[in-house]
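Subject: Structure for your review

Hello,

Here is the structure I promised to pass on. Please open it beside this message; my notes on it follow below.

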Amino acid sequence: MVEECQRFLKKRNEEKYSLKEYCLSKTKKQWKEFFTRHGFNKSEFSVIFEGFIFSKNSQDITDNPFIKFDDLFVIVPSLLVNSDIPRALASNFLNRELELSFRGTGFEERTKVGLKMRNIKTGSLYKRDNETEYQCDVVFKIGSDVFFVECKSHVQPYTTRQHANHLYKLYEETSQINRIADYFVEHLDYVKDQLKINDNEQILNTHRLIITTSMVGAPLYINGVYIVDESSFNTFISRSKPSMKLLNKDKFSEINSNKYEIYNGEITTEKILEFLRNPPQVEIMGEFISEQTIELGNIILTRLFQVQSTMHIGQEINKFTADLAERHYVNSTELNELYNNEN
């Protein structure tokens, strides 16, 4: 679709103002022939086509690009060609209340595998007591502390309403993990048995944690529960430090941060709690975002936009970038030397 829009824009006659000159316009039959030529069968076309027709329930024409005009289904090519396709697809699934398949036992197993690779005792808990079930997706022990974890799969929210609904959903889910953790705190002998913890090992403290597939843009601690996204959690567990990437011609360099001690050495309770209270990725990204206010008569518009990236392709390292590097990554002199060597 994007390639078709690119071809259309190249040959478009901007001096003509008809719908067919400015928009990619085809009948349903013509769209069906287009999809068939590109390897889709009739059933697949039907699902895709019907799912992407703009309606009163659509979020916008990026999510649902087919606009019906009489017998034509029209796409605005200049919009679609510059759109973020994965983001549009995820938003479309969210609006239609569909789930992406990164959920269930697969999510839980990924988390446990990451912990086991760091020699951290981990497992799952299940107990049926007086017809009531208590199940904890992941539990792990560091030192004398035990963490009860719920793994939650959520589609990434994009609009203000979706973010609000997402935060409310996370708020509700803290009740679930607290109910489960409260029960197992009262039955720590069962926890020790399931994790094969020796009798002489103590459990002095317990913590509650929700790991979500959707990105979390701020440190969250709600109802005694830490909330963090899977990506950040995995980088911490795997000891993968925040990094800057420089790409110039055929050379590539990755600069790992030396500013965060929590990534050094073995994982301890203190380090993981410090990480959960202030994930470095959130701190760094906060400085990559700037706020802009525009006044249009009586209307005041405020927007956030990204002013910096962790990926630099053929760009000179300016003062702003160097200052960020000095705060979060390496000494700016080292950064410039490395970049100049790349050039």
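**The sheet and its helices**

Strand E6 (residues 145–152) and strand E7 (residues 205–212) pair in the parallel sense, over 8 bridges. Within this pairing, Val149 stands opposite Leu209 of E7. Helices (H or I, at least four residues) and strands (E, at least two) are DSSP runs, numbered from the N terminus. Two strands count as paired if DSSP finds at least two bridges between them.

This is a predicted model, in which local features need pLDDT of at least 70 and side-chain atom pairs count only at pLDDT 80 or more, while totals for chains, interfaces and linings use all residues. Residues are numbered from 1 along each chain as its sequence is written, and side-chain values use heavy atoms, with hydrogens and water left out.

E6 and E7 belong to an open sheet of 6 strands with mixed pairing, in the order E4-E5-E6-E7-E9-E8. Strand E4 (121–129) and strand E8 (220–222) are at the edges with a single partner strand each, so one side of each has no neighbour in the sheet. On average, neighbouring strands of this sheet are turned by 35° against each other, direction ignored.

Helix H8 (residues 160–185) lies across E4, strand E5 (132–142), E6, E7, E8 and strand E9 (225–229), and runs at about 145° to E7. H10 also packs on the sheet, where it touches E5, E7 and E9, and its direction makes about 90° with that of E9. Contact here means heavy atoms within 4.5 Å. Axes are lines fitted to C-alpha atoms, for helices over the stretch in contact, and angles run from 0 to 180 degrees between N-to-C directions.

**Salt bridges**

The whole structure holds 9 salt bridges, each being a side-chain nitrogen of Lys or Arg within 4 Å of a carboxyl oxygen of Asp or Glu. One of them joins Asp182 and Arg208 at 2.9 Å, N to O. Asp182 is in helix H8 and Arg208 in strand E7, so the pair ties together parts that are 26 residues apart in sequence. Arg208 counts as buried at 13% relative accessibility, whereas Asp182 is partly exposed at 42% relative accessible area. (Buried is under 20% relative accessible area, exposed over 50%, partly exposed in between, with a 1.4 Å probe and protein chains only.)

Arg128 forms a salt bridge with Glu131 (3.1 Å, N to O) and another with Glu133 (3.0 Å, N to O). Arg128 is partly exposed, with a relative accessible area of 45%; Glu131 is exposed at 64%, and Glu133 is partly exposed at 41%. Lys121, Lys141 and Glu201 are linked in a network of salt bridges.

**A buried arginine**

Where does Arg239 lie? It is in the loop between helix H10 (230–237) and strand E10 (243–248). Arg239 is buried but has no salt bridge, and the nearest side chain of opposite charge, Glu261, is 8.7 Å away. For charge, Lys and Arg count as positive and Asp and Glu as negative; His and the chain ends are not counted. A polar atom of the Arg239 side chain lies 2.8 Å from the backbone oxygen of Phe236, and the backbone oxygen of Asn264 lies 3.5 Å from a polar atom of that side chain.

Regards

Conventions. A polar contact is a pair of N or O atoms within 3.5 Å; within protein, one must be able to donate a hydrogen and the other to accept it, and residues adjacent in sequence count only if both atoms are side-chain atoms.
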